[in-house]
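Here is a short report on one protein chain. Look at the structure first, then read on.

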Amino acid sequence: MVGRPKGAFRGLPSEAFGTTAGDLIAPCHRPYPRHADPPDPDSLPAFAVALSGGGFRATLAAVGVLRFLADIDLLSRVRWVSSVSGGSIANGVFAAAYPALEERGFDTGAFVDLVERPIVDHVSRGSLTLKLFRNAWRTVGPGTRTTVLARALDDWFFDKRKLAELSPVCRFIFNGANLTTGVRFGFERDVAGDYVIGNVSTGKRTFRLAEAVAASAAVPGFFPAFIPKGDFPCLDGRKPRIVDGGVYENTGLEAIEGLRPERACIVALNAGGVFRTGSIGRVPVIRDLMRSEALLYRQSTALRTRHMVEGFQAWERARAAGQPAPEGSRQGVLFGLATTMAAVSPDWVAEEHADLRPSLARLKTSFAKFPLDQCRQLVYRGWWLTGASLATYHRQLLPAKLPDWRQLV
């Protein structure tokens, strides 16, 4: 009889062949603070926006999504924004500007002044990557490249704003991946944590908005894990180690997928990298590891988006039949930068730069400088896709007159 390897087959359902996993992923059952639920707007449904990772490519397309909602006077009804990595930069700038946007009625001019123009100006004139290299000396001592990234984001956008200072009207969620627990770790206005180690109050531990965005964008390898300090109730002597949320799930959908269709319409952008078939390199070990990682990312994204789309379809069938929304159904739209739509609502505008669609989706996942024209094209692409999707599938939510593109940046 062949002996079994030491530590294998111990009856742990989370154990997998080829891994060194040794613990069950068990939820924390001790009391811990919970996030606050945002108030409903005057008219339902509210809007929940999911912004994926994908470097500045995702940041700029995410700006276009929010810009469309401003153009149709629905930005004030956004009550959830869940984001990963590059999408978290757009989410963070929107969160920081929210009180000023509210003062100005959430109109397009305010959005351009406070969100769109600052992002486009910085991305088209500077490079976060170069800024990190220039500030490498700050990693001497307790600093890391991730804390340097947070400093750079404060310098560009956030001015040391605290998470606890964000508006309670909208629930801003910045998603990371916890290498210690293997689940999604969320930074929010009220709490930070995950369901395995529990949450801590952000009022007791003054997390900066820039730290949350930097942790959400901390690509493993280039950035070390961010280690948030706090008395997490189920930490049990371990340290949470937070890296890019795309390691766990790159769409940002998990935090909002349970919203009932009567309450919220989900608008989800996937601006992550596209899977390229064909030649994948010549060095066997590196080639196969990179390809395997790409396949894992593709599978997790495909499963998450398929689950979400099935919920959309269930709601649409029930609505067409005049029946109550079934359990697990959702209202909303989901699209990627490379999405093609065979039949778009005749009310919607023709797509500009349609010939650029494939090249925009294939732009590198990078925080380096982007040319100004490319920035504008990515913002426009996010804007057009949001309008095309909502006008085609949820025309009843939009105003009678739909906007034409006004390039204000």
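## Around R77

Leaving aside neighbours within four places in sequence, R77 is in contact with P41, S43, L44, P45, A46 and F47. This is a predicted model. R77 itself is found in the loop between helix 1 and strand 2 (78-84).

Does R77 count as buried or exposed? R77 is buried, yet has no salt bridge. The nearest side chain of opposite charge belongs to D42, and it is 9.1 Å away. A salt bridge needs the nitrogen and the carboxyl oxygen within 4 Å. R77 does have a polar atom of its side chain 3.4 Å from the backbone oxygen of S43.

## A cis bond at P45

Two of the residues that R77 touches, L44 and P45, are joined by a cis peptide bond. Omega is about 5° there. P45 lies in the segment before strand 1. Most peptide bonds are trans.

Most residues other than glycine have a negative phi. Which way does the phi of F106 go, positive or negative? F106 has a positive phi of about 55°, although it is not a glycine. F106 sits in the loop between helix 2 (86-103) and helix 3 (108-125). F106 is buried, with a relative accessible area of 7%.

K160 is another residue other than glycine with a positive phi, near 60°. K160 is found in the loop between helix 5 (145-158) and strand 3 (171-178). K160 counts as exposed, at 57% relative accessibility.

## A58 in helix 1

Now turn to A58. A58 lies in helix 1 (residues 55-71). Why is A58 called buried? Its relative accessible area is 1%, and buried means under 20%.

What does A58 touch, beyond its neighbours within four places in sequence? The contacts are S52, G53, G86, G87, L269 and A271. Take G87 from that list. A58 and G87 are 29 residues apart in sequence. In space, their C-alpha atoms are 5.5 Å apart.

## Salt bridges

Side chains of opposite charge can pair when their charged atoms come close. How many salt bridges does the count come to? The count comes to 18 salt bridges.

One of them joins the side chains of D40 and R263, at 2.8 Å from N to O. D40 lies in the segment before strand 1 (46-51). R263 lies in the loop between strand 7 (242-244) and strand 8 (264-270). The pair therefore ties together parts that are 223 residues apart in sequence. D40 is partly exposed, with a relative accessible area of 40%.

## Buried pairs and a network

The side chains of E211 and R208 also meet in a salt bridge, at 3.5 Å from N to O. E211 is buried, and R208 is buried too.

E351 forms a salt bridge with R381. Their closest N and O atoms are 2.4 Å apart. Where do the two partners lie? E351 is in the loop between strand 9 (331-336) and helix 8 (357-361). R381 is in helix 9 (residues 372-393). The pair links distant parts of the chain, 30 residues apart. Both E351 and R381 are buried.

Other salt bridges share partners. They join R184, E249, E254, E257 and R304 into one network.

Methods
Residues numbered from 1 in each chain as written. Predicted model: local features only at pLDDT ≥ 70, side-chain atom pairs only at ≥ 80, totals over all residues. Heavy atoms only, no water. Helix = DSSP H or I, 4+ residues; strand = E, 2+ residues; numbered from the N terminus. Buried < 20%, exposed > 50% of the residue type's maximum accessible area, 1.4 Å probe, protein only. Contact = heavy atoms within 4.5 Å. Lys, Arg positive; Asp, Glu negative; His and termini not counted. Polar contact = N/O pair within 3.5 Å; in protein donor to acceptor, adjacent residues only side chain to side chain.
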